[in-house]
Amino acid sequence: KQWYQRRVRGLNGSKVGVFASRSPHRPNNIGMSLVRVDRVDNGTLFVSGADLIDGTPIIDIKPYIEYCDKPSEGSRCAEWIINPLTPPLQVSITPDARHQIESAPRRFLDSPEELELCIRDVLAGDPRS
């Protein structure tokens, strides 16, 4: 099994390179995200727009420098992401799951409905790897 090839949803089982996917199975466990710093409160950094799971450690930060951090004019998204060959999965929320959503802390989202929408969007994209 080669670590650098992954089957991805949207390609009917075809493989792409691991760096062309969002697979968590990577040769290192460090990710990089362009984020917005919302605030610093008593030594804690609060960010938004990150593709991190709540509680993921941030090990380094750097300032945004437009000429080297902004995607260039010729940047493009992979065709298999824009036009997947497989449709999104249907997502059903059970009553127990809905109860957990309603009682979840609202640290980053304004309402249970917003949290449910985020959960539906992620699951519809089939995050299995």
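Which residue forms a salt bridge with R98? The partner is E116, and the closest N and O atoms of the two are 3.0 Å apart.

## What you are looking at

This is a predicted model, where local features need pLDDT of at least 70, side-chain atom pairs count only at pLDDT 80 or more, and totals for chains, interfaces and linings use all residues. Residues are numbered from 1 along each chain as its sequence is written, and side-chain values use heavy atoms, with hydrogens and water left out.

The pLDDT score is the predictor's confidence in each residue, on a scale from 0 to 100. For this chain the mean is 80, and 91% of the residues reach 70 or more. Helices (H or I, at least four residues) and strands (E, at least two) are DSSP runs, numbered from the N terminus. A word of caution: where pLDDT is low, the predicted coordinates should not be read in detail.

## A network of salt bridges

Back to that opening pair. A salt bridge here is a side-chain nitrogen of Lys or Arg within 4 Å of a carboxyl oxygen of Asp or Glu. The idea behind it is simple: side chains of opposite charge can pair when their charged atoms come close. The structure holds 3 salt bridges.

R98 pairs with E116. R98 sits in helix α3 (residues 95-103) and E116 in helix α4 (residues 112-124), so this pair ties together parts that are 18 residues apart in sequence. E116 has another partner too, as it forms a salt bridge with R120, again with the closest N and O atoms 3.0 Å apart. E116 and R120 are 4 residues apart in helix α4, which means that about one helical turn separates them. Put together, R98, E116 and R120 are linked in a network of salt bridges.

How open are these residues? Buried means under 20% relative accessible area, exposed means over 50%, and partly exposed is in between (1.4 Å probe, protein chains only). E116 counts as buried, at 14%. R98 is partly exposed at 31%, and R120 is partly exposed as well, at 26%.

## The loop between β4 and α1

Another salt bridge joins the side chains of K62 and D60, at 2.3 Å from N to O. K62 lies in the loop between β4 and α1, and D60 is found in that loop too. K62 is exposed, with a relative accessible area of 64%, while D60 is partly exposed at 49%. K62 and R6 are 56 residues apart in sequence and 30 Å apart in space, C-alpha to C-alpha.

L52 belongs to this loop as well, and α1 covers 66-69. L52 is partly exposed, at 40% relative accessibility. Along with I58 and I61, L52 forms a nonpolar patch on the surface, with about 270 Å² of accessible area together. Patches are made of residues with over 30% relative accessible area and no salt bridge, with like charges joined within 9 Å and nonpolar side chains (Val, Leu, Ile, Met, Phe, Trp, Tyr) within 5 Å. Accessible areas come from the Shrake-Rupley method with a 1.4 Å probe, and for residues only the protein chains shown count as cover.

Now for N42, in the loop between β3 (36-41) and β4 (44-48). N42 has a positive phi of about 55°, although it is not a glycine. N42 is exposed, with a relative accessible area of 78%.

R39 lies over the face of F46, at 3.8 Å from the ring centre. To count, NZ of Lys or CZ of Arg has to be within 6 Å of the ring centre and within 35 degrees of the ring normal.

## The end of helix α4

A124 lies in helix α4. A124 counts as buried, at 16% relative accessibility. A124 and V8 are 116 residues apart in sequence, and their C-alpha atoms are 13 Å apart in space.
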